[in-house]
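Subject: Structure handover

Hello,

Here is the structure you asked for, with notes on what turned up in it. Please look through the structure first and then read on.

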Amino acid sequence: MLIDMHTHSSGVSGCCRLNAEEIVEAAKNIGVDGIILTNHYTSDDCEDFPSSEDYIEHYINEYHLARSYGEKIGLKVFFGIEVTMNFADRIHLLVYGVKEDFLRENPCIYDLSLEELYETVHKNGGILVEGHPFRHNCPILDTNYLDALEINCHPLYKDTHYDVLYHAAKEAGVMLTCGSDYHGDTYRAECGVYIPDTAKTIKDIADYIKNTDVIKLRVQEINCEPDEREYRR
Ligand SMILES: [Zn+2]
Ligand SMILES: [Zn+2]
């Protein structure tokens, strides 16, 4: 099954133009089998709520909205998080494989260092992926504390940097993932990671990415047809 590993919805990600149902509908229309909803999780957004508990319940509820609409129309929706880290400007890290309780138990993950977040996520059975490396000239972070680098097919970024990321990941022995980062933009990239149908939960997907040595991605570069690419770590 083809899973788009990076999507947003407007109920939590204010920069997104489509709500949870519309984002699920758009994914169904483009033909992927499922999405991971990776809404922004930030200390700035948290400050708009009376408490971090309120923010987290709101954040999790948005995932349940998307998931139940997905069940209605036949699209798999999994829980993910895109954390805006406070240790550096504009660094976004994707967390996969943890349960919703992870946020209730670790509300301030945006204040951690890369190493601390990696350890916290791993302790909870998840994986950590650097989202859209090179956006706004962000560097590739220390791959000792990353499970994968993301190939991001958002039209705003003009280029997925596939070749550079492919070689950087290979050199570091980490995986590649792929996602549209769709925010209701002018077009939606048809992209994602092929995950075995035996994976039923986000933990299964994270375990697959952690343990496999070869992965098949569907990548869509700007103004190009999508194509399939194989990566071997
Ligand atoms: Zn991002
Ligand atoms: Zn994003």
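Which residues have the most contacts inside the largest nonpolar core? They are Ile 3, Val 95, Tyr 96, Leu 128, Ala 148, Leu 176 and Cys 178, in a core of 67 residues. Please keep in mind that this is a predicted model. As general background, nonpolar side chains tend to be buried together in soluble globular proteins.

Overall picture

The protein has seven helices and eleven strands. Along the principal axes, the C-alpha atoms fill a box of roughly 45 × 40 × 35 Å. Of the 233 residues, 44% are buried. If you take the contacts between residues at least 6 apart in sequence, 68% of them join residues at least 24 apart.

Strand β4

Strand β4 covers residues 76–84, and eight of its nine residues are buried, so the strand is largely enclosed by the rest of the structure. Its pairings are as follows.

- Strand β2 (residues 34–37) runs parallel to β4, and four bridges join the two. Ile 36 has Phe 78 of β4 as its bridge partner.
- Strand β3 (residues 40–41) also pairs with β4 in the parallel sense, over two bridges. Here His 40 stands opposite Glu 82.
- Strand β5 (residues 92–96) runs antiparallel to β4, with five bridges between them. Val 83 is opposite Leu 93 in this pairing.

Helix α5

Helix α5 spans residues 114–123, and its buried residues are Leu 117, Tyr 118 and Val 121. These cover an arc of only 100 degrees around the axis, which puts them on the same side of the helix. Glu 115 and Lys 123 are exposed on the other side of α5. The cover over the buried residues of α5 includes β5 and β6. After the helix comes Gly 125, which has a positive phi near 85 degrees.

Histidines in loops

His 8 sits in the loop between β1 (2–7) and α1 (20–30). This residue has 25 C-beta neighbours inside 10 Å and therefore counts as buried. Beyond residues up to four places away in sequence, His 8 touches Ser 13, Cys 16, Asn 39, His 40, Tyr 182 and His 183. His 40 is the residue that stands opposite Glu 82 in β4. From C-alpha to C-alpha, His 8 is 9.8 Å from Ile 81, although the two are 73 residues apart in sequence.

His 132 is in the loop between β6 (127–130) and β7 (148–152), and His 136 is placed in the loop between β6 and β7 as well. Are these two buried or exposed? His 132 counts as buried because it has 25 C-beta neighbours inside 10 Å. His 136 has 9 such neighbours and so counts as exposed.

Both are worth a look for their backbone angles. Most residues other than glycine have a negative phi. The phi of His 132 is positive, near 30 degrees, and that of His 136 is positive too, near 50 degrees.

Tyr 59

Tyr 59 belongs to helix α3 (residues 52–73). With 21 C-beta neighbours inside 10 Å, Tyr 59 counts as buried, since the cut-off is 20 or more. Leaving out residues up to four places away in sequence, Tyr 59 touches Val 12, Asn 39, Tyr 41 and Leu 103. Asn 39 is also among the residues that His 8 touches. Between Tyr 59 and Gly 31 there are 26 Å in space, C-alpha to C-alpha, and the two are 28 residues apart in sequence.

Regards

Definitions and conventions. Residues are numbered from 1 along each chain as its sequence is written. Chains are lettered from A and ligands numbered from 1 in the order in which they are written. This is a predicted model: local features need pLDDT of at least 70, side-chain atom pairs count only at pLDDT 80 or more; totals for chains, interfaces and linings use all residues. A residue is buried if 20 or more other C-beta atoms lie within 10 Å of its own, exposed if 12 or fewer, and partly exposed in between; C-beta atoms are placed from the backbone. Two residues are in contact if their C-beta atoms, placed from the backbone, lie within 7 Å. A nonpolar core is a set of buried Ala, Val, Leu, Ile, Met, Phe, Trp, Tyr and Cys residues joined through C-beta atoms within 7 Å. Two strands pair if DSSP finds at least two bridges between them. The arc is that of the directions from the helix axis to the C-beta atoms.
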